[in-house]
Amino acid sequence: MGRAWHRTVSAWRRVEDFHQQVFDARWGHARRREARDQQDTLRALLMLETLGVDNPVAYETLDLIPYMVADLHSWHQRLGRDDFGAPGGCC
């Protein structure tokens with residue numbers, strides 16, 4: 001590869017850096033806040049589970065099971081597994 005290739009790669013990385021800076025400046029704060037809120041929720045649920053308190057959202061998640069089963073096959077294939085491994089769950 002020649003010098004032109006390195007210049008092209010260098011220019012592309014500068015464009016990527018600029019794009020990342022613009023993206024972070026505009027939506028970075030909201031994205032970090034949403035990630036922190038989700039981590040806090042997960043941490044609270046894990047703490048409740050650790051303390052022996054029933055999961056308060058368990059009843060509501062029963063409504064989500066049909067949607068999860070419908071998406072299960074594509075999900076485990078995205079993870080690189082050809083079969084799910086649990087009998088009756090998929091495939």
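The protein chain contains three helices and zero strands, where helices (H or I, at least four residues) and strands (E, at least two) are DSSP runs numbered from the N terminus. In sequence order the pattern is α-α-α. The radius of gyration, taken over C-alpha atoms, is 22 Å, well over the 12 Å that the globule rule gives for 91 residues, so the protein chain is more spread out than a compact globule. The globule rule is 2.2 Å times the number of residues to the power 0.38. Along the principal axes, the C-alpha atoms fill a box of roughly 60 × 35 × 20 Å.

The model is predicted: local features need pLDDT of at least 70, side-chain atom pairs count only at pLDDT 80 or more, and totals for chains, interfaces and linings use all residues. Residues are numbered from 1 along each chain as its sequence is written, and side-chain values use heavy atoms, with hydrogens and water left out.

Of the 91 residues, 4% count as buried, meaning under 20% relative accessible area (1.4 Å probe, protein chains only). The protein chain exposes about 8500 Å², of which carbon and sulfur atoms supply 59%; this area comes from the Shrake-Rupley method with a 1.4 Å probe.

Helix α3 spans residues 65–78 and has 14 residues. From first C-alpha to last, α3 reaches 19 Å, close to the 20 Å expected at 1.5 Å a residue; the expected span is 1.5 Å times one less than the number of residues. A kink of about 50° in α3 is centred on L72, the bend being the angle between axes fitted to the seven residues ending there and the seven starting there. Just after α3, G80 has a positive phi of about 95°.

Terms used:
Buried < 20%, exposed > 50% of the residue type's maximum accessible area, 1.4 Å probe, protein only.
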